[in-house]
Amino acid sequence: MRTLVARLDNVGDVLLAGPCVRAVAAHSDEVVLLAGPRGRAGAELLPGVDEVIEWCAPWIDPEPPELTQESVEALAKQLRDLRLDAALVLTSFHQSPLPLALVLRMAGVPWIGAISEDYPGSLLDLRHRVEGDPPEAERALSLATAAGFTLSDGDDGRLALRGPLPDTTGLTGEPGYVVVHPAASVPARQPTAERSRAIVRALAEAGHRVLVTGAPAERRLTAEVAGDVALDLGGVTGLPELAAVLAGARVVVAPNTGPAHLAAAVGTPVVSLFAPVVPSARWAPYGVPTVVLGDQQAPCRNMRARRCPVEGHPCLAIDPADVVRSVHELSGGVS
């Protein structure tokens with residue numbers, strides 16, 4: 001049996017699909033993961049994935065490409081050539097699975113399941129509904145379960161990565177440091193550079209060895225945040241190397257962003273600097289000890305804003321002393 005799992009948005013979303021993917025893999029001969037360009041690196045790290053296909057969905061990507069007949073037909077042909085037996089389409093609560101379900105039908109996929117509030121007609125064989133606001137990893141896993149895919153015995157359903165991870169001790173030194181990752185995919189979810197810098201200084205003054213991580217495009221930010229008290233690793237790691245860096249950390253301090261979920265996938269506790277533009281109940285780091293900081297009742301609550309709609313970004317005006325206390329709590333009182 002060859003099964004496709006689709007998750008077309010960011011790295012963090014793909015990592016949260018991991019338990020669902022493993023459940024599908026436990027009952028399939030081959031699992032193909034359809035990912036967007038922003039999530040492909042995460043897809044490559046998921047256990048249970050045999051092949052990754054990349055396609056940028058105009059109805060999902062935040063900077064969507066033009067929808068053309070040629071691009072859709074090319075995807076349909078690629079999917080048809082895979083001779084899939086079934087497909088599960090994973091989406092966030094505000095996204096529709098039906099455009100991709102239509103393409104999958106065009107590709108001749110005989111069975112398709114998805115979580116859908118919208119009437120699917122003949123596009124879905126399984127229209128799954130989820131009540132309440134469960135963690136996103138559990139929400140996705142519930143679709144697999146409803147489709148008859150269950151986790152293997154002994155699989156605890158937490159996030160996980162394919163190993164082995166690269167050796168990064170040449171970059172970081174010995175394990176036991178604290179990582180601060182200041183950036184997020186959208187500005188509304190990350191503290192200001194000044195606040196992140198203050199957090200780093202407070203951690204260093206408390207006796208922690210601090211590393212600051214970030215993507216190549218975030219080098220200016222990481223340099224400013226690290227200053228002269230932390231090791232700046234901005235732009236020097238790919239996703240597997242970043243995972244290894246996070247695995248060696250005692251605690252990771254990060255906003256709601258892919259690296260927070262990457263930390264959870266390697267089992268590292270997280271201090272989550274969480275802007276409430278989306279619910280923390282669903283998107284906080286999953287399956288590891290976590291402290292959520294930030295005003296979860298701020299006026300921006302559940303607005304899904306990409307840029308902070310409130311002057312001064314007050315929901316993330318977090319006292320650095322609270323971060324230090326949270327790191328101390330999660331690290332068992334060790335500095």
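Helices (H or I, at least four residues) and strands (E, at least two) are DSSP runs, numbered from the N terminus. E10 and E11 pair in the parallel sense over 4 bridges, where pairing requires that DSSP finds at least two bridges between two strands. Residues are numbered from 1 along each chain as its sequence is written, and side-chain values use heavy atoms, with hydrogens and water left out. In this predicted model, local features need pLDDT of at least 70 and side-chain atom pairs count only at pLDDT 80 or more, whereas totals for chains, interfaces and linings use all residues.

E10 covers residues 249–255 and also pairs in the parallel sense with strand E7 (residues 177–180), over 4 bridges. In that pairing, Tyr 177 stands opposite Ala 249 of E10. Both pairings belong to an open sheet of 6 strands with parallel pairing, in the order E9-E8-E7-E10-E11-E12. Strand E9 (231–232) and strand E12 (290–293) are the edge strands, each pairing on one side only. E10 is largely enclosed by the rest of the structure, because 6 of its 7 residues are buried. Buried means under 20% relative accessible area, exposed over 50%, and partly exposed in between (1.4 Å probe, protein chains only).

Gly 248 is placed in the loop between H10 and E10. With a relative accessibility of 14%, Gly 248 counts as buried. Leaving aside neighbours within four places in sequence, Gly 248 is in contact (heavy atoms within 4.5 Å) with Pro 175, Gly 176 and Tyr 177. Ala 263 is 15 residues from Gly 248 in sequence, and the C-alpha to C-alpha distance between them is 9.8 Å.

Two helices lie across strands of the sheet. Helix H8 (residues 193–205) lies across E7, strand E8 (210–212), E10 and strand E11 (270–273), and runs at about 160 degrees to E8. Helix H13 (residues 320–330) lies across E7, E10, E11 and E12, at about 170 degrees to E12. Axes are lines fitted to C-alpha atoms, for helices over the stretch in contact, and angles run from 0 to 180 degrees between N-to-C directions. Ser 326 lies in H13 and, at 6% relative accessibility, counts as buried. Not counting residues up to four places away in sequence, Ser 326 touches Val 271, Val 291 and Leu 293.

Leu 316 is located in the loop between E12 and H13. The relative accessibility of Leu 316 is 1%, so this residue counts as buried. Residues touched by Leu 316, not counting those up to four places away in sequence, include Ala 188, Arg 189, Pro 191, Arg 195, Leu 273 and Phe 274. Pro 134 is 182 residues from Leu 316 along the chain, and their C-alpha atoms are separated by 23 Å.

In helix H5 (residues 98–106), the residues Leu 98, Leu 100, Ala 101, Val 103 and Leu 104 are buried. The buried residues of H5 pack against strand E1 (2–7), strand E2 (30–35), helix H4 (69–82), strand E4 (86–90) and strand E5 (112–115). Gly 108 follows H5 and has a positive phi, near 85 degrees.

The count of aromatic pairs comes to 1. Trp 55 and Trp 59 form this pair, which is tilted, at 5.6 Å centre to centre and with 50 degrees between the planes. Rings of Phe, Tyr and Trp (its six-membered ring) pair if their centres lie within 6.5 Å; planes under 30 degrees apart count as stacked, over 60 as edge-to-face and the rest as tilted. Trp 55 counts as buried at 11% relative accessibility, whereas Trp 59 is partly exposed, with a relative accessible area of 28%.

The largest pocket has a volume of about 1300 Å³. Of the 46 residues that line this pocket, Asn 10, Val 11, Arg 38, Ser 185 and Val 186 are the closest to its centre. On a 1 Å grid over the protein atoms alone, a pocket is an open set of points where a 1.4 Å probe fits, with protein on both sides within 12 Å along at least five of seven lines; lining residues have an atom within 4 Å of a point. Grid points are joined across faces, edges and corners, and a volume is the space filled by probe spheres set on the points. Helix H1 (11–16), helix H3 (40–43), helix H10 (239–247) and helix H11 (258–265) each supply at least two residues of the lining.
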